[in-house]
Amino acid sequence: MSAPALEVRGLEYAYPDGTQVLRGADFHIHPGERVALLGPNGAGKTTLVLHLNGILTPDGGDVTVAGLAVQPRTVKEIRRRVGIVFQDPDDQLFMTTVRQDVAFGPANYGVTGEELDRRVMGALTAVGMAGVVDRPPHHLSLGERRRVAVATVLAMNPEILVLDEPSSNMDPASRRELADVLAGLEITLLMITHDLPYALELCPRAMIMNHGRIVADGPTAALLGDRELMSANRLELPLGFDPSLARPERLPAP
Amino acid sequence: MSAGHAHALYVHGDSRVHALPAHVKLVALLIVIVAVVATPRERVGVFAAHAVVIIAAAACAHLSPRFIGGRLLIGAPFLAFAVLLPFVGGGDRVVVGALSLSVGGLWGAWSVLVKGTLALAASVVVTATTPVPALLTGLGRLRVPVVITEIAGFMVRYLEVIAGEMHRAKVAMAARGYQPRWAWQGTALATSAGALFIRSHERGERVYDAMLSRGYQGRLPQLGATAATRADWARALALPLCAAAAAALAVIG
Ligand SMILES: Nc1ncnc2c1ncn2[C@@H]1O[C@H](COP(=O)(O)OP(=O)(O)O)[C@@H](O)[C@H]1O
Ligand SMILES: [Mg+2]
């Protein structure tokens, strides 16, 4: 098999205040896979994400992205390869116009002129937001800001797209529009979510994180169907939702 | 919600001042500040002329005197110490009612107040008409060293972030029936200041993480930086040069 798109080995991390958050997280993701990362609040999911592109440095273990180890020396290239969409789009959109915000990433990598325009319009078209290119980000709805946040990362041509709770706080229509956008992208995907039907729809594979470790890893439908596993990890399906009946409509073509 | 945090200093508008390139406005601001600071403190009429220049610029930018006044209050704590000068200053003294005040101290207080207020008002006109990223790229264009633009960038960002969080806290309190007349009135806001600082700091950190994640390495890319035409320079410098001329005459004469 090819080199994993993302490999995490024995990751350990405690915050400076002493909170031990990661306790030996281990997993890998192959190119083209779509993986959901589930787990209760405080499990360490966001902390894990901050290690994937070297924002945080682990106390133990290591992270490799498409064969390149995350180190101070490689961190710039790593940040191009790993596109992180943060939970709150207001943290991610800090420029004056959508165009400048989407251009920010590629421009940091020296892309200029027509190529930069092409990247910006390409990324915005991929998320269905080309029409707002000259608007200020804070004039958009939350759903639109989320999609623009995805575009800011797509414009960097990443190897893997990492989303931290992309469907949180969204109304049903925006949630659906974002799902359509994500389903249409041909990219390796790691999606943190509490939204279990979302995970089932978009990701054939899921992992459960608890107490800083990956405690389960397998086909999403099988994990969601395991009552004991779910309740042991404080995960709850919506009332009346049966994962064995809800057929994932959109498994991406292999 | 996001509007508050992203652009707390900037006020959207389409005035001619808004449209000027950032670096041109920064040069204009520098000229006004130098003129204000260089004016001898006894030349009260010249300060009035400076004030007229700044008010004219604010009018061109469609900023109301009320808005400028509100922003000036930010500087009030820094100017407060000036009030002490007449009491502690040495030299000749005048008696005003029951108070004996130092003449030198009175002039000192006047000088700090008038120069500080005018310089701050001029800065308000520029920061309210120029988005922060444009201000920073403008500083970069003027060949201000990266370290300084970076520090300025962080100061401004944290200021904006704190102003945004403060606005949210005020809204949350108003929603529960609390109505302070001013931001600093009332103990509820005062006691929440600590929590506010921590929340603002955390948001600032998250924004910074998001910037790093897209390859930011301490220098903002030159996005949307517009080149300045001769007309831009002429328009931007007309008023500041009036202030500079008035100051020059005051210094010579
Ligand atoms: N900056 C920080 N300093 C100290 N502790 C933190 C910090 N950020 C998060 N934590 C703690 O780390 C734990 C894991 O947080 P997080 O990774 O955000 O979990 P999740 O995303 O799975 O909800 C929580 O107990 C949280 O309180
Ligand atoms: Mg989280």
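This is a predicted model: local features need pLDDT of at least 70, side-chain atom pairs count only at pLDDT 80 or more; totals for chains, interfaces and linings use all residues.
Side-chain values use heavy atoms, with hydrogens and water left out.

Over all chains there are 4 aromatic pairs (ring centres of Phe, Tyr or the six-membered ring of Trp within 6.5 Å; planes under 30 degrees apart are stacked, over 60 edge-to-face, the rest tilted). One of them is the edge-to-face pair of A:Tyr13 and A:Tyr15, at 5.1 Å centre to centre and 85° between the planes. A:Tyr13 is buried at a relative accessible area of 8%, and A:Tyr15 is partly exposed at 28% (buried, under 20%; exposed, over 50%; partly exposed, in between; 1.4 Å probe, protein chains only). In chain B, the planes of B:Tyr208 and B:Tyr216 lie at 85° with ring centres 6.4 Å apart, so this pair is edge-to-face. B:Tyr208 is partly exposed at 25%, whereas B:Tyr216 is buried at 7%.

The charged end of A:Lys76 sits over the ring of A:Tyr109, 4.9 Å from its centre (NZ of Lys or CZ of Arg within 6 Å of the ring centre and within 35 degrees of the ring normal).

In chain A, the axes of helix 5 (residues 113-126) and helix 6 (residues 142-154) come within 8 Å and cross at roughly 140°. The contact (heavy atoms within 4.5 Å) involves A:Ala123, A:Leu124 and A:Ala126 of helix 5 and A:Val148, A:Ala151 and A:Leu154 of helix 6.

Definitions and conventions:
Residues are numbered from 1 along each chain as its sequence is written. Chains are lettered from A and ligands numbered from 1 in the order in which they are written. Axes are lines fitted to C-alpha atoms, for helices over the stretch in contact, and angles run from 0 to 180 degrees between N-to-C directions. Helices (H or I, at least four residues) and strands (E, at least two) are DSSP runs, numbered from the N terminus.
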